[in-house]
Structures are given as C-alpha cells and as structure tokens.
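Me: I have a two-chain model open and want to go through the contacts in it. Can you take my questions one by one?

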Amino acid sequence: MPMTLVGTVELPSSTTNSIQFTNIPQTGKELIAVASCRSTVAGIQDALALFINDVTTASYNEIRLRGLGGSTNALQSTGSTRIQYPVLAASGATANIFGNTSYRFLNYTNSNHKQIVIESVGENNAASAHQIIVNGYLNTSAITKLEFADISGNVFVQYSSISLYILS
Amino acid sequence: MTEIPTKLVIDLSKPEGQREQVIPLTAEEIAERERMVAQAELDRIAREQAEADRLAAQAAAKEKLAALGLTAEEIAAITGA
C-alpha cells in the first residue's frame with residue numbers, strides 16, 4: 001500500500017498545548033500518525049492524550065502492555081474519555097529526548113467501531129518505558145479530526161513534531 | 001504558566017502554506033484541560049490501586065495454596081504466575 005504524507009508540523013516554540021489535524025482526507029485505507037513530543041511539565045513522563053473527532057465522552061477502550069526498567073505489566077481501561085496511555089517525555093527526563101509514538105488507525109473511513117494499534121516509548125536513558133497499546137474506539141463515524149494534547153495542561157517543547165500519513 | 005497556551009490547527013483541506021492556524025486556548029478550554037488533568041490523576045490512582053489489589057489477592061491465594069501443601073512449581077502450574 002502506498003504511504004503518503006498528508007500533514008506534518010514541528011513546533012517553532014514552546015507555547016502549544018494541542019496539535020489538531022482537521023479535514024483529514026478520506027482517500028486512504030489506513031491512517032498513520034507519528035509523534036515525537038516532550039512536555040514542559042515536571043517529572044519524567046507525561047501522557048499524550050488523543051481525541052478523535054472531538055469526542056470526549058466514554059468511547060475509548062484500551063489495553064496496554066508495558067516494559068518499565070526490569071519489570072513488565074499490563075493495564076486496561078474501558079470507557080475512557082480519551083486515548084491516554086502513550087508517553088510524553090517530561091522536563092525531568094534526560095535532556096533533549098522525546099517520547100516517540102506511532103499510531104495506526106485501521107479502516108479509518110468505515111462505519112464500524114475503529115481499531116487503533118499504538119507503539120510508544122519514553123526514551124529516558126535512566127529507565128525506559130516501552131509500551132504497546134491496543135485501542136478500540138467505540139464510534140462508527142469516519143475519522144476526520146485528530147487532536148493530540150499534553151494531558152497535564154502544560155505545553156509541548158520546541159521541536160516536538162507530529163506527522164500524518166495515509167495508506168491507500 | 002504566565003503565557004496563555006495555544007492550539008495549533010492544521011486544516012488539511014487547504015493548500016500547504018495556508019493550513020496552520022495558532023489559536024490561544026479559551027478560558028473554557030483551559031478549564032476543560034484542568035478538569036482533564038484532575039480526572040487523569042484520579043484515573044491513575046484508581047488504576048494503581050486496582051493493580052495493587054490484584055497483586056495482593058494473587059499473593060494471598062498463593063499463600064493459601066502453599067498452606068494446602070502445593071509446591072511452588074505446582075502453584076505456578078495452575079496460576080500461570
């Protein structure tokens with residue numbers, strides 16, 4: 001399947017809390033998003049929240065498999081108001097590293113509930129967290145808008161970037 | 001934060017160079033994010049408590065099985081852990 005870049009952004013300053021792609025082309029079979037972001041919030045890690053089509057009601061089910069240092073665990077949640085597990089490096093993490101996440105939205109234009117596969121890693125050099133997340137989005141509308149937000153309410157640092165591709 | 005955070009909207013229906021719009025968050029959006037932050041913290045605490053409860057129940061069950069005379073290998077065989 002050909003992969004086409006449809007939008008990309010790299011932040012020129014540390015003032016943005018939310019990055020939104022609107023009017024996403026409906027010409028593909030799958031949608032791929034690649035995020036490399038860091039927050040100004042205190043701590044090692046933060047969460048990169050994702051909202052689809054402005055839906056903030058209980059519509060997101062997630063299961064997460066995580067490796068953190070020498071341990072592993074699995075967590076699940078149902079009825080979340082956002083996709084909330086992908087990691088975002090925070091100000092206490094190793095300097096100049098970012099949390100890197102890829103999202104694959106399967107059959108994003110169809111009229112069924114959507115499946116999303118996410119791979120995310122917080123590259124803090126002291127104790128890395130790598131996680132794979134499977135998400136069900138309980139909504140039948142085609143995906144036309146994605147909003148990525150710093151869940152802490154703080155802002156992304158300069159050079160944080162997100163790119164959007166379609167597979168057709 | 002002293003500076004009002006912004007949202008960056010990329011309208012993919014427009015030609016490149018005309019897509020990006022930087023918009024300050026409204027007071028309502030900032031309040032919504034504060035609510036989201038509080039809810040995220042509550043969710044995190046609930047998840048961690050649920051995981052701690054599960055591990056405690058698992059440990060208690062293993063102790064009871066051991067008290068019945070099962071070996072560690074037998075317990076692992078039936079619990080998978």
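Predicted model: local features only at pLDDT ≥ 70, side-chain atom pairs only at ≥ 80, totals over all residues.

Me: Which partner does A:Asp54 have, and what is the N to O distance?
Reply: A:Asp54 forms a salt bridge with A:Lys145, and the closest N and O atoms are 2.9 Å apart.

Me: Where do those two sit in the chain?
Reply: A:Asp54 is in the loop between strand 4 and strand 5 of chain A, and A:Lys145 is in the loop between strand 10 and strand 11, so the pair ties together parts that are 91 residues apart in sequence.

Me: Is A:Lys145 buried or exposed?
Reply: A:Lys145 is buried, because its relative accessible area is 15% and the cut-off for buried is under 20%. A:Asp54, in contrast, has a relative accessible area of 48%, so it is partly exposed.

Me: Which salt bridge does B:Arg33 form?
Reply: B:Arg33 pairs with A:Glu147, with the closest N and O atoms 2.8 Å apart. That pair crosses between chains, from helix 1 (residues 27–67) of chain B to strand 11 of chain A. B:Arg33 and A:Glu147 are both buried.

Me: And B:Arg35, what does that one bridge to?
Reply: B:Arg35 forms a salt bridge with B:Glu32, and the closest N and O atoms are 2.8 Å apart. The two are three residues apart in helix 1 of chain B, so about one helical turn separates them.

Me: How accessible are B:Arg35 and B:Glu32?
Reply: B:Arg35 is partly exposed at a relative accessible area of 41%, and B:Glu32 is partly exposed at 30%.

Me: Staying with chain B, where is B:Lys7?
Reply: B:Lys7 lies in strand 1 (residues 6–11) of chain B. Its relative accessible area is 13%, so B:Lys7 is buried.

Me: What polar contact does the side chain of B:Lys7 make?
Reply: The side chain of B:Lys7 makes a polar contact with the side chain of B:Glu29, at 2.5 Å.

Me: What else does B:Lys7 touch?
Reply: Leaving out residues up to four places away in sequence, B:Lys7 touches residues of both chains: A:Thr16, A:Ser18 and A:Gln20, plus B:Gln21, B:Val22, B:Ile23, B:Leu25 and B:Glu29.

Me: New topic, rings. How many aromatic pairs are there over all chains?
Reply: A search of the whole structure finds four. One of them is A:Tyr60 with A:Tyr137, which is stacked, at 5.2 Å centre to centre and 25 degrees between the planes. A:Tyr60 is in strand 5 (residues 60–68) and A:Tyr137 in strand 10 (residues 129–137) of chain A, 77 residues apart. A:Tyr60 and A:Tyr137 are both buried.

Me: Why is the pair of A:Tyr103 and A:Phe148 edge-to-face?
Reply: Because the planes of A:Tyr103 and A:Phe148 are at 65 degrees, with the ring centres 5.4 Å apart, and the cut-off for edge-to-face is over 60 degrees. A:Tyr103 lies in strand 8 and A:Phe148 in strand 11 of chain A, so the pair ties together parts 45 residues apart in sequence. Both residues are buried.

Me: Which cluster do ring pairs link A:Phe148 into?
Reply: Ring pairs link A:Phe21, A:Tyr103, A:Phe105 and A:Phe148 into a cluster.

Me: Now the surface. Which residues make the nonpolar patch of about 320 Å²?
Reply: A:Ile63, A:Leu65, A:Ile132 and A:Val134 make that patch. Strand 5 and strand 10 of chain A are the elements that give two or more residues to it.

Me: What does A:Ile44 contact, neighbours aside?
Reply: Beyond four places in sequence, A:Ile44 is in contact with A:Leu88, A:Ala89, A:Ala90, A:Gly92, A:Ala93 and A:Asn124. A:Ile44 is found in the loop between strand 3 and strand 4 of chain A, and its relative accessible area of 39% makes it partly exposed.

Me: Last one, backbone. What is phi of A:Asn23?
Reply: Phi of A:Asn23 is near 50 degrees, a positive value in a residue other than glycine. A:Asn23 is in the loop between strand 2 and strand 3 of chain A. A:Tyr159 also has a positive phi, about 80 degrees, and is not a glycine; A:Tyr159 is in the loop between strand 11 and strand 12 of chain A.

Definitions and conventions: Residues numbered from 1 in each chain as written. Chains lettered and ligands numbered in written order. Heavy atoms only, no water. Helix = DSSP H or I, 4+ residues; strand = E, 2+ residues; numbered from the N terminus. Buried < 20%, exposed > 50% of the residue type's maximum accessible area, 1.4 Å probe, protein only. Polar contact = N/O pair within 3.5 Å; in protein donor to acceptor, adjacent residues only side chain to side chain. Contact = heavy atoms within 4.5 Å. Phe/Tyr/Trp six-rings, centres within 6.5 Å; stacked < 30°, edge-to-face > 60°. Patch = residues over 30% accessible without salt bridge, like charges linked within 9 Å, V, L, I, M, F, W, Y side chains within 5 Å. Areas by Shrake-Rupley, 256 points an atom, 1.4 Å probe, with all protein chains shown as cover. Salt bridge = Lys/Arg side-chain N within 4 Å of Asp/Glu carboxyl O.
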